[in-house]
Amino acid sequence: MVVGMSAAAQPGHGHGHGHGHGHPSDTGPAREADPDPREPRRAWHAVRHLLVPHSHDTADRVDDAMQASRDGMRALWVSLAVLGATAAAQAVVVLLSGSVALLSDTLHNVADALTAVPVGVAFLLGRRPATRRFTYGFGRAEDVAGIVVVLVILGSAVLAGWESLRRLAEPADVRFLGAVAAAGLAGAIGNEIAAQVRIRTGRRIGSAALVADGLHARADALTSLAVLLSAGGAALGWHWADPVVGLAIAAAILAVTWGAARQVLARLMDAVDPELVATATEALLRVDGVHRVDRVRLRWVGHALHAEVELAVDAHATVEQAHRTAHAAEHALTHAVARLAAATVHTHPA
């Protein structure tokens, strides 16, 4: 006997429970036989959930995904405003000072602000419902956006290295060093604010693309500090300070690029934190009726998790009892695993 069940994706089963849904077997005995010693525990379980209602309905989960998308868009708008204001202020100083290093940093900030575009488009696409062609929806657009962000970070490193080498070959004096230093410090602060907003929100909603975008902003904060250091070197008459520091920062940006690329590529390969698998397995083993957990598979689709599990149950269990066990397993997964949007539970005889 094999029973397949997806509580999150079968509206006909009425799984928007609180937990008073249309399964008469969920609160009564499976058959007219000897009383089940687990019934008192189930009764208390039902009463507790009536007093503390909650829902695993598909619509509620869509609402959660929409809220995550709105949080992501809000983070993008905030960071875009901060970086836009920073770049505008730096552009004024570039015109007054003629600093190539500050010009490079300004271009970095503009590029960092523009990376909000592919991530924002991905969030908007993620709101679209699943179709017959894209049966898991459009959440993977965030992973594609993450690749774009990584490429932009790599481009920033190449540009920083190129400008630094050019300055080594063609030294130039910089005017208004105080203003240049202040603009570099402002750039570092602005980028770090943007990085904090993006990284925290990205980790909270499970968006690898938004985290990568935040790492890009942090890399640009290092570039801005390079402007500050180069201004100090120029004040001491060290014309080589600006390009040498620029090369060091280019190397630092490459390191950030590698870290962001690993995260995005791991997500594309359906990698998850092994602790999530362990948490899901432990939760399933605590479910009444589960004899053994044979398989647990998790994957990210955008910033939501999907689960597929296989459980061994009593070989003499009825289809109704196996269904009740599968439903309880989905319930346990929903509470144990954060950001879980859907679970497909298969049961078979032990």
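This is a predicted model: local features need pLDDT of at least 70, side-chain atom pairs count only at pLDDT 80 or more; totals for chains, interfaces and linings use all residues.

Residues are numbered from 1 along each chain as its sequence is written, and side-chain values use heavy atoms, with hydrogens and water left out.

**Helices H3 and H6**

- Helices (H or I, at least four residues) and strands (E, at least two) are DSSP runs, numbered from the N terminus.
- The axes of helix H3 (residues 100-114) and H6 come within 11 Å and cross at roughly 20°; axes are lines fitted to C-alpha atoms, for helices over the stretch in contact, and angles run from 0 to 180 degrees between N-to-C directions.
- That makes H3 roughly parallel to H6, a label for angles under 35 degrees.
- On the H3 side, the contact (heavy atoms within 4.5 Å) is made by Leu102, Asp105, Asn109, Asp112 and Ala113.
- H6 brings Val180, Ala183, Gly184, Gly187, Asn191 and Arg198.

**Threonine 201**

- Threonine 201 also belongs to helix H6, which covers residues 177-205.
- With a relative accessible area of 9%, threonine 201 is buried (buried is under 20%, exposed over 50%, partly exposed in between, with a 1.4 Å probe and protein chains only).
- Skipping neighbours within four places in sequence, threonine 201 touches Asp71, Gly72, Ala75 and Leu210.

**Salt bridges**

- The count comes to nine salt bridges, each a side-chain nitrogen of Lys or Arg within 4 Å of a carboxyl oxygen of Asp or Glu.
- Arginine 218 pairs with glutamate 192, and their closest N and O atoms are 3.0 Å apart.
- This pair links distant parts of the chain, 26 residues apart: arginine 218 sits in helix H7 (residues 208-235) and glutamate 192 in helix H6.
- Arginine 218 is partly exposed at 31% relative accessible area, and glutamate 192 is partly exposed at 26%.
- Arginine 299 forms a salt bridge with aspartate 270, with the closest N and O atoms 3.5 Å apart.
- Here too distant parts of the chain are linked, 29 residues apart: arginine 299 is in strand E2 (residues 290-301), and aspartate 270 is in the loop between helix H8 (241-268) and helix H9 (274-285).
- Asp270 and Arg299 are also linked with Arg140 and Asp143 in a network of salt bridges.
- Arginine 292 bridges to aspartate 294, with 2.5 Å between the closest N and O atoms.

Methods. Angles under 35 degrees count as roughly parallel, over 145 as roughly antiparallel, 65 to 115 as roughly perpendicular and the rest as oblique.
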